[in-house]
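This report describes selected features of the structure shown below, taking a helix, a pair of strands and a loop in turn.

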Amino acid sequence: MGGAAAARESVTIAGRPEPVAVARAFAAAVLGRQHPEGETAVLLLSELVTNSVRHSGSRLPGQTVTVIVWP
């Protein structure tokens, strides 16, 4: 496989429901409007982050969720 690898971008948010919108906006910005699967990726990311906050220790005070996106 040749070519340059895409750079990854990341954001860390508080493990609470309110910052899930931040994760969605971050992914949308990294992928850009022209990404062929951008809308689907943002929807899936939203579900993953929401589930992480609901069902893991990230919801405890002071804990976080880190989102990494490779465009």
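## Helix α2

Helix α2 (residues 38–55) has 18 residues, which at 1.5 Å a residue should span 26 Å; the C-alpha atoms at its ends lie 25 Å apart, in agreement with that value. The expected span is 1.5 Å times one less than the number of residues. Helices (H or I, at least four residues) and strands (E, at least two) are DSSP runs, numbered from the N terminus. The model is predicted: local features need pLDDT of at least 70 and side-chain atom pairs count only at pLDDT 80 or more, whereas totals for chains, interfaces and linings use all residues. Residues are numbered from 1 along each chain as its sequence is written, and side-chain values use heavy atoms, with hydrogens and water left out.

The buried residues of α2 are G38, V42, L45, S46, V49, T50 and V53. They cover an arc of only 130° around the axis, and therefore lie on the same side of α2. This arc is that of the directions from the helix axis to the C-beta atoms. Buried means under 20% relative accessible area, exposed over 50%, and partly exposed in between (1.4 Å probe, protein chains only). An α-helix has 3.6 residues a turn, so residues three or four places apart point the same way. The face of α2 turned away from its buried side carries the exposed residues L43, L44, L48, R54 and H55. Among the elements that cover the buried residues of α2 are β1, α1 (20–31) and β2.

## Strands β1 and β2

Strands β1 (residues 9–14) and β2 run antiparallel and are joined by six bridges; strands pair if DSSP finds at least two bridges between them. T12 has T66 as its bridge partner in β2.

Strand β2 (residues 64–69) has V65, V67 and V69 on its covered face, while T64, T66 and I68 are on the uncovered one. In a regular strand the side chains alternate between the two faces of the sheet.

## The loop between β1 and α1

P19 is placed in the loop between β1 and α1 and counts as buried, at 12% relative accessibility. Leaving aside neighbours within four places in sequence, P19 is in contact (heavy atoms within 4.5 Å) with I13 and A14. P19 and V65 are 46 residues apart in sequence, and their C-alpha atoms are 9.7 Å apart in space.

## Salt bridge

A salt bridge requires a side-chain nitrogen of Lys or Arg within 4 Å of a carboxyl oxygen of Asp or Glu; by this rule the count is one. E18 forms a salt bridge with R16, with the closest N and O atoms 3.4 Å apart. E18 is exposed at 57% relative accessibility, whereas R16 is partly exposed at 44%.
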